[in-house]
Amino acid sequence: MGNITPITTSFNLPDGQEVIIETGKLATQAHGSVVIKIGKTMLFCSVVSNYEMREGQSFFPLSVDYQEKFAAIGRIPGNFFRRETRLNDYEVLICRLVDRAIRPLFPDGYMYDTQVIINLISADEETMPDQYAALAASAALMVSDIPFAGPISEVRVAKIDGNYVVNPSRSQLETASMEIVVGATEADVTMVEGEGKEIQEDELIEAIKIGHDAIKAQCAAQHELAKLVGDKAIKREIEEPAKDDEVLAFVTETASAGILDVAKQNLNKKQRKKGFEKVKEALKEAAAEKFDGEDAADKLSFVSPYFKKLQKELIRGYMLDTNERLDGRGPEDVRPIWTEIDYLPSAHGSAIFNRGETQALASMTLGTKLDKQMIDTALKSGYDNFILHYNFPALSVGETKPMRGPGRREVGHANLAGRSIKQVLPDENPYTIRIVSDILESNGSSSMATVCAGSLALLDGGIKLKRPVSGIAMGMISEGDKNMILTDILGDEDALGDMDFKVTGTTEGITGCQMDIKIDGLPYDLLEKALKQAKAARLHILGEMDKTIEAAREDLKPHAPRMIELTIDKSFIGAVIGPGGKIIQDIQEKTGTVINIEEVDDKGIVSISSTNKQGIDEAKARIDDITFEPSVGDEYDAIVASIMPYGVFVDFKGKSGLLHVSEISHTRINDVSEVFSEGDSVKVKLIGIDPKNGKMRLSRKALLPNPRDEKKAE
């Protein structure tokens, strides 16, 4: 039997590189499967969606898993099991990017278990596979019978040397001033996420436009592939969600006044929640009295979903009509802010950031290079010296939930906050820095509170940021010609709104962004308005933060580890370490320091850390002595080590040299022992180094007045 001939289509990236989409060869029992090929890089994606819905299913159970196989690049995993285990944080972030792009395009009421699996099965060092993951997922859905209003795709857009590059190589990204991922359908941008080195709003908009143009070609290729597949890509029929016009009319008539009354009272989150619950309970009681026939159970099952839908419609309409929000603010108003630093006495830096009913407590810890986070993925192996962790316990929203470690949401929020702050860390940073943000209250945009609290904690800890960073979450409500851009959205506004747009930055520009658009068609003029409004809010928040601390403390906390870095010649690394590590261990033990040595670019980088400055100074002096290289013309304080008829050998700064009898004095010396004894101090000058053997010639008389010169002066 010969090889199976797959069905393929292709398109070219703006730089001319070909991308091939292939189906019909692998995983033919999946409901849809494709392979994406870019040179040596290959991504395999399968999609399966159950034909029967679980009883009582009330949400869309979609799971997206992206994993990079180590064999793809010819590596064996470095963990104990020597196999791929649970998804790492990087893979989780790609899962989220794909999920956010495809989830809104499944039909309303589609509640069938659906699984998307994307594997990197072949790779090269330069191609970034993550920028093709959403293309793989969408293409697999397009060639399946699963209902999906695609196609979509995602691309990475970077600004490199002033030029916008679509899906850049790994080495190109190293010099990028901006890097964003854009997700879109043929018609509309649906998702944006990325970072920048204090970029301007117009740069971000231009990058989004360029990304969308590239995506249109990718969507066209998917349409072509689905057409070639034929009947297998015809979408399955699904039952329309059940309706009951009688119940809908009853809910509307009974609950509308109560919902609007609660919405108009400018209540806080807890009061508003209780108010809506009271209206809902009254509605349920009234419905139970009205619908009491044989079909009562069916009719009553519509009450809660219709109430939720009505609540959303009425509140949206109220806000658009009055230009007023649920808590009484105007569209551009930021909730009241208070901040505090140095709250945790034992942390190396700490801060509380409180905005409205959202509160983040951030702690900052300084460590050595030994504390770096190890990164071991299929395509990247190394260490990271900046770590940000985000925790969202159920207590922050007044609920109970088992503590099972960070989920995908926590990983995503930590990534956005971390990459936003990382842009302003000092260029020369000898420390490993860890920030932990614990969300203690939440009513909208806890990730942006994390950015603000993290920035304050760093300043409190004496880390010289280029500039403080703040973040703001923007929202939008859009109905026909009416549009309302919301600054600093509440949790309720996020749920009922059409956009969640988080923007972080300094006074100079944007450092991070994340945008999800829930409606079709966001005009660029509205996006520009949202960015302009976000900038004003960002600057306002920075002003509030400045009231607590404007710049980094002059020094670290007294209990924080001090650290210095020395650069030594590569040839001295062995001498500092000593045989079996004897010398470096002795220095650490006697000075109470932690010393780490790395070879970087043919040089030795020595980091010395301790909470005791005196210990650091002593360790530095010891290493300086070991790595000391004398220079001709320099003067040194020396100690006489031994006496010979022809002179004395002296020790200085870990070195030894001969002070010849002829260089001791301007007058003749017959017996050296009459001038020096062992242990005497003597100041000498280095007057020469033998190029053949490196022996040093020292002089004492070069530093003494010459009697002949004094006589001439007389």
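## Basis of the values

This is a predicted model, in which local features need pLDDT of at least 70 and side-chain atom pairs count only at pLDDT 80 or more, while totals for chains, interfaces and linings use all residues. Residues are numbered from 1 along each chain as its sequence is written, and side-chain values use heavy atoms, with hydrogens and water left out.

Helices (H or I, at least four residues) and strands (E, at least two) are DSSP runs, numbered from the N terminus.

Two packed helices are described by the angle between their axes and the distance between the axes. Here the axes are lines fitted to C-alpha atoms, for helices over the stretch in contact, and the angles run from 0 to 180 degrees between N-to-C directions. Angles under 35 degrees count as roughly parallel, over 145 as roughly antiparallel, 65 to 115 as roughly perpendicular and the rest as oblique.

Helix α5 (residues 245-263) and α8 have axes that come within 9 Å and cross at roughly 45°, which makes α5 oblique to α8. The crossing of α5 and α8 is right-handed, a term for the case in which the near helix is turned clockwise from the far one by less than a right angle. On the α5 side, V247, L248, V251, T252, A255, S256, I259, L260 and A263 meet V303, Y306, F307, L310, Q311, L314, I315 and Y318 of α8, where contact means heavy atoms within 4.5 Å. These residues divide into 14 nonpolar, 3 polar and no charged; Ala, Val, Leu, Ile, Met, Phe, Trp, Tyr, Cys and Pro count as nonpolar, Asp, Glu, Lys and Arg as charged, and the others, Gly among them, as polar.

Helix α6 (residues 269-290) also packs on helix α8 (residues 303-322), at an angle of about 135° and with the axes 11 Å apart, so that α6 is oblique to α8. The crossing of α6 past α8 is right-handed. The contact is formed by F276, V279, K280, L283, K284 and A287 from α6 together with V303, S304, F307, Q311 and I315 from α8, and by class it has 7 nonpolar, 2 polar and 2 charged residues.

## Helices α1 and α9

Helix α1 (residues 89-102) and helix α9 (residues 408-422) have axes that come within 9 Å and cross at roughly 95°, which makes α1 roughly perpendicular to α9. In α1, D89, V92, L93, C95 and R96 meet R408, R409, V411, G412, H413 and N415 in α9. The residues of this contact divide into 4 nonpolar, 3 polar and 4 charged.

## Helix α10

Helix α10 (residues 446-460) has 15 residues and reaches 20 Å from its first C-alpha to its last, close to the 21 Å expected at 1.5 Å a residue, the expected span being 1.5 Å times one less than the number of residues. Of its 15 residues, 15 are buried, where buried means under 20% relative accessible area, exposed over 50% and partly exposed in between (1.4 Å probe, protein chains only). The helix is followed by G462, whose phi is positive, near 85°.

I597 lies in strand β23 (residues 594-600). Neighbours within four places in sequence aside, I597 is in contact with I573, V576, I577, I584, I605 and V606. The C-alpha atoms of I597 and L566, which are 31 residues apart along the chain, are separated by 9.4 Å.

K482, in strand β19 (residues 482-487), is partly exposed, with a relative accessible area of 42%. The C-alpha atoms of K482 and D321 are separated by 8.9 Å, although the residues are 161 apart along the chain.

## Backbone features in loops

Most residues other than glycine have a negative phi, and most peptide bonds are trans. A cis peptide bond, with omega about 5°, joins G150 and P151, and P151 is found in the loop between α2 (133-142) and β7 (152-160).

A27, which is not a glycine, has a positive phi of about 55°; A27 lies in the loop between β2 (18-23) and β3 (32-38) and counts as partly exposed at 35% relative accessibility. D161 has a positive phi near 55°, is found in the loop between β7 and β8 (163-166), and counts as exposed at 70% relative accessibility.
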